[in-house]
Amino acid sequence: MSKYQYRPPCRELSGYVQYYWMLDLEDVCPSCEPHRLTPQGFMEIVFYYRDSYKLILSDGEESHPRATLYGQRTEFIDILPTGRVGLMSVVFTPVGVRDILHLPLNELINRYVSLEGLCILRHGWHNYGCR
């Protein structure tokens, strides 16, 4: 069983945040097929408060950080739950991330970075675990 919730932002944040969404997956499915996410054209920060998803890559699998900033995607990605997933996401307006975090948005296309490594973006990607 899964529970999905959508919430609009308060008026004061509506220039930066499009909406919030939450997902709780109660059932663990060890034999599940990956779920394909299509490009959406927005940036979001995802906070996992229970188990997370793992990213299925051509060369293996990779776990998502507990709090992650996702750049705009122009390609699909495949994900698979690692257990009882619980997450909350903040979906930004097109310029919301830029105005709040002062980041070069073009460097985030098809990338994600943990919030712990976010300050490193100002100094380049290098070898800081940004993908």
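**Ground rules.** I number residues from 1 along each chain as its sequence is written, and side-chain values use heavy atoms, with hydrogens and water left out. Since the model is predicted, I note that local features need pLDDT of at least 70 and side-chain atom pairs count only at pLDDT 80 or more, while totals for chains, interfaces and linings use all residues.

**Open sheet.** I looked up the strand order first. Four strands form an open sheet, β3-β8-β5-β6, with antiparallel pairing. Strands here are DSSP runs (E, at least two residues), as helices are (H or I, at least four), numbered from the N terminus. Two strands pair if DSSP finds at least two bridges between them. The edges are β3 (35-37) and β6 (60-63), each pairing on one side only. From one strand to the next, the twist averages 35°; axes are lines fitted to C-alpha atoms, for helices over the stretch in contact, and angles run from 0 to 180 degrees between N-to-C directions.

I then checked β5 (residues 53-57). It runs antiparallel to β6, joined by 4 bridges. Lys-54 faces Ser-63 of β6.

**Strand β2.** I followed β2 (residues 17-25) next. Of its 9 residues, 8 are buried, so the strand is largely enclosed by the rest of the structure. Buried means under 20% relative accessible area, exposed over 50%, partly exposed in between (1.4 Å probe, protein chains only). Strand β1 (residues 2-7) is antiparallel to β2, with 6 bridges. Strand β9 (residues 86-92) is also antiparallel to β2, with 7 bridges. I traced Trp-21 on both sides. In β9 its partner is Ser-89.

**Ser-52.** I found Ser-52 in the loop between β4 (44-48) and β5. Its relative accessibility is 9%, so it counts as buried. What does it touch, leaving aside neighbours within four places in sequence? I listed His-64, Arg-66, Leu-80, Pro-81, Thr-82 and Val-85 (contact: heavy atoms within 4.5 Å). Ser-52 and Arg-66 are 14 residues apart along the chain, and their C-alpha atoms are separated by 7.4 Å.

**Surface patch.** I ended on a nonpolar patch of Leu-13, Tyr-16 and Ile-100, with about 240 Å² of accessible area together. Areas come from the Shrake-Rupley method with a 1.4 Å probe; for residues, only the protein chains shown count as cover. Patch residues have over 30% relative accessible area and no salt bridge; nonpolar side chains (Val, Leu, Ile, Met, Phe, Trp, Tyr) are joined within 5 Å, like charges within 9 Å. A salt bridge is a side-chain nitrogen of Lys or Arg within 4 Å of a carboxyl oxygen of Asp or Glu. Ile-100 sits in helix α1 (residues 96-101). At 42% relative accessibility, Ile-100 is partly exposed.
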